[in-house]
Amino acid sequence: MKKIIVSALIGLTPCAPVFAAEGHAPGMVKTETQIHSELDRSTSALGIVAGQATSVVETGSGQIVVRRRRSGPNNASVHDDVTEIYNIVSGSGTFVTGGAFASASDRTAGISGGVSRHMQAGDFVVLPPGTPHWFSKIDGSITYVETRFAVKK
C-alpha cells in the first residue's frame with residue numbers, strides 16, 4: 001500500500017496515516033465546472049417548482065445531489081422515509097420547516113405554522129423524516145448539496 005500524505009494536500013495534520021491500497025478505484029470526482037454545466041442543462045417534469053439538480057452519487061440507501069432553485073414558485077415537501085441534510089453553497093433565501101401544508105392540493109402554497117429562517121452559504125439544515133419544508137423566498141437563486149439517506153422502520 002502507498003501512504004498518502006493528507007496533511008501536505010490539505011494543510012492539516014491527520015490523526016492517523018491514511019493508506020490507499022494499490023489497484024483500488026480512485027473514487028469519484030465531479031468538478032465545479034461539471035456540476036454547473038449539468039445544473040444548467042437540468043430540467044424537471046415539475047419545472048421551476050422542483051428546481052434543477054445533478055446527481056453526485058446514488059446508492060441503494062441514499063444519495064447526494066446538488067440542487068439549484070431560483071426565485072419563483074417552489075414546492076413544499078415532506079418525506080416520511082428519508083432524512084435530508086442541506087449544505088448551502090451559494091445564494092440565500094428564507095427556508096420554512098415544520099408546520100403543515102397550507103393547501104392539500106397546491107404544494108406551491110407553502111407551509112403554515114412553520115419556523116422561517118434566512119439561509120445563506122455555509123448554513124446546514126437537517127430535516128428528520130416527516131418534517132415539512134419549503135423555500136418561501138429565494139434571493140435570486142440558491143444552490144445546496146442535498147444528502148438523503150433512508151430511515152430504517
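Predicted model: local features only at pLDDT ≥ 70, side-chain atom pairs only at ≥ 80, totals over all residues.
Residues are numbered from 1 along each chain as its sequence is written.

Q: What pLDDT does the chain average?
A: pLDDT is the predictor's confidence in each residue, from 0 to 100. In this chain, 85% of the residues score at least 70. The chain average is 83.

Q: Which pattern does the chain follow, read along the sequence?
A: Helices (H or I, at least four residues) and strands (E, at least two) are DSSP runs, numbered from the N terminus. The chain has two helices and 10 strands. Their order is β-α-β-α-β-β-β-β-β-β-β-β.

Q: What volume does the largest pocket have?
A: A pocket is defined on a 1 Å grid over the protein atoms alone, as an open set of points where a 1.4 Å probe fits, with protein on both sides within 12 Å along at least five of seven lines. Grid points are joined across faces, edges and corners, and the volume is the space filled by probe spheres set on the points. For the largest pocket this comes to about 210 Å³.

Q: Which residues that line the largest pocket are the closest to its centre?
A: Lining residues have an atom within 4 Å of a point. The largest pocket has 18 of them. The closest to its centre are Arg69, Asn75, Ser77, His79 and Arg148.

Q: Which strand gives the most to the lining of the largest pocket?
A: Strand 4 (62–70), strand 5 (82–97) and strand 10 (133–150) each supply at least two residues. The top contribution is six residues. It comes from strand 10.

Q: Is Thr143 buried or exposed?
A: Thr143 sits in strand 10. Leaving aside neighbours within four places in sequence, its contacts include Leu39, Val66, Asn87 and Ile88. Buried means under 20% relative accessible area, exposed over 50%, partly exposed in between (1.4 Å probe, protein chains only). Because its relative accessible area is 7%, Thr143 is buried.

Q: What is the relative accessible area of Ala76?
A: Ala76 lies in the loop between strand 4 and strand 5. Its contacts, neighbours within four places in sequence aside, are Phe101, Arg107, Gly110, Ile111, His133 and Trp134. Ala76 is buried, and its relative accessible area is 0%.

Q: Why does Gly91 count as partly exposed?
A: Gly91 belongs to strand 5. With neighbours within four places in sequence left out, Gly91 contacts Met119, Gln120, Ala121, Ser141 and Ile142. Gly91 counts as partly exposed because its relative accessibility is 37%.

Q: What distance separates the C-alpha atoms of Gly91 and Ala121?
A: Gly91 and Ala121 are 30 residues apart along the chain.

Q: Where is Gln63 found?
A: Gln63 is buried, with a relative accessible area of 18%. Residues up to four places away in sequence aside, Gln63 touches Val57, Glu58, Glu146, Thr147 and Arg148. Gln63 is found in strand 4.

Conventions. Heavy atoms only, no water. Contact = heavy atoms within 4.5 Å.
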